[in-house]
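I opened my notebook beside this structure and wrote down what I looked up, entry by entry. Come along and check each one against the view.

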Amino acid sequence: MKNKKLIMIFIFISIFFIIISILYYKKQKTGNNISKSITDIKQYIQEINSYEATISVEINSNKNTNKYVIKQSYSSPNYFKQEIQEPENIKGLVTTYDGTNLKIQNTKLNLSKIYNDYNCLSNNILNLNSFIEECKENEMETNETEKEITIQIKCKNKQTMYKKLTLDKTTGKPTKMEITDENQKKLVYILYNEITINKTINKDIM
């Protein structure tokens, strides 16, 4: 009788640990609890086809520093929209680009202007999609810490610039971007306050 009780206890404990192991495995398999590798991150950012973000931007020039809060939307291949939320004097300034035409609106004054066959916005350095496209064309340098992965690229346009994107290692989401010149002077600093990746974007019609 005593041996039978011991066997039953052993079976119960074994079943308990099997259940715990299954639940732990499922938790590790579902999304945000898995720590992504550098290879995962590289593939992940190059597969981003849309995003919606609220960013804080700091732009440095030789004379001053300007700060903005901007809401951005992007949908592949070439739809982009951004709305300035701060500072107050230009709040409500909305820029919408469909790959061909550019529309600028002042929602406060109910004014708008459309520029047809406009082809310069696709290289806007504030756009995450510009960084993604440049990753496909330039060699990437990567660095890894316990919680973050950074990807840096060297871009040669009118001037040499270095762009460094930092991503959360668990979620894969961008947290900040730094753009510096060839002397490592910080030109632009972007903080991603909120960002949603690969979501359906409601496009404004021109």
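**Entry 1: the whole chain**

What percentage of the 206 residues in the protein is buried? I found 33%. I noted at once that this is a predicted model.

**Entry 2: the elements**

I listed three helices and 11 strands. Read from the N terminus, their order is α-α-β-β-β-β-β-β-α-β-β-β-β-β.

**Entry 3: the sheet**

In what order do the strands of the open sheet stand? I wrote down β6-β5-β4-β3-β2-β1-β11-β10-β9-β8-β7, 11 strands with antiparallel pairing. The edges belong to β6 and β7 (140-144); each has a single partner strand, so one side of each has no neighbour in the sheet. From one strand to the next, I noted an average twist of 20°. A reminder to myself: strands of a sheet pair through backbone hydrogen bonds, either parallel or antiparallel.

**Entry 4: around β9**

I followed β9 (residues 160-168) and its pairing with β8 (residues 148-156), which is antiparallel and has nine bridges. Thr-150 has Thr-166 of β9 as its bridge partner, and Lys-154 faces Tyr-162 of β9. I then turned to β10, which runs antiparallel to β9 and is joined to it by seven bridges. Here Lys-164 is opposite Glu-178 of β10.

Between β9 and β10 I found a hairpin with five residues separating the strands, where Gly-172 has a positive phi near 80°. Why is β9 described as largely enclosed by the rest of the structure? Seven of its nine residues are buried, so the description follows from that count.

**Entry 5: helix α3 on the sheet**

I looked up what helix α3 (residues 128-137) does beside the strands, and it packs on the sheet. Its contacts are with β1 (50-60), β2 (65-75), β3 (79-86), β7, β8, β9, β10 (174-181) and β11 (186-197). The direction of α3 makes about 75° with that of β8.

How many of the 10 residues of α3 are buried? I counted seven, so-called mostly covered. They are Leu-128, Asn-129, Ser-130, Phe-131, Ile-132, Glu-134 and Cys-135.

I stopped at Asn-129, which lies in α3. Asn-129 counts as buried because its relative accessibility is 10%, and the cut-off for buried is under 20%. Setting aside neighbours within four places in sequence, I found Asn-129 in contact with Tyr-51, Tyr-74 and Phe-80.

**Entry 6: backbone details in the loops**

I noted another cis peptide bond from Glu-86 to Pro-87, where omega is near 5°. Pro-87 is in the loop between β3 and β4 (93-97).

Then I checked for positive phi in residues other than glycine. Asn-110 has such a value, near 60°, and its place is the loop between β5 (102-106) and β6. Is Asn-110 buried or exposed? Asn-110 is exposed, because its relative accessible area is 69% and the cut-off for exposed is over 50%. Gln-184 also has a positive phi, near 65°, and I found Gln-184 in the loop between β10 and β11.

**Entry 7: a patch on the surface**

Which residues form a nonpolar patch on the surface? I wrote down Ile-104, Tyr-115 and Tyr-118, which together have about 240 Å² of accessible area. Tyr-115 is partly exposed, because its relative accessible area is 37%, a value to set against the limits of 20% and 50%.

Key:
Residues are numbered from 1 along each chain as its sequence is written. This is a predicted model: local features need pLDDT of at least 70, side-chain atom pairs count only at pLDDT 80 or more; totals for chains, interfaces and linings use all residues. Side-chain values use heavy atoms; hydrogens and water are left out. Patches are made of residues with over 30% relative accessible area and no salt bridge: like charges are joined within 9 Å, nonpolar side chains (Val, Leu, Ile, Met, Phe, Trp, Tyr) within 5 Å. Accessible areas come from the Shrake-Rupley method with a 1.4 Å probe; for residues, only the protein chains shown count as cover. A salt bridge is a side-chain nitrogen of Lys or Arg within 4 Å of a carboxyl oxygen of Asp or Glu. Buried means under 20% relative accessible area, exposed over 50%, partly exposed in between (1.4 Å probe, protein chains only). Two strands pair if DSSP finds at least two bridges between them. Helices (H or I, at least four residues) and strands (E, at least two) are DSSP runs, numbered from the N terminus. Axes are lines fitted to C-alpha atoms, for helices over the stretch in contact, and angles run from 0 to 180 degrees between N-to-C directions. Contact means heavy atoms within 4.5 Å.
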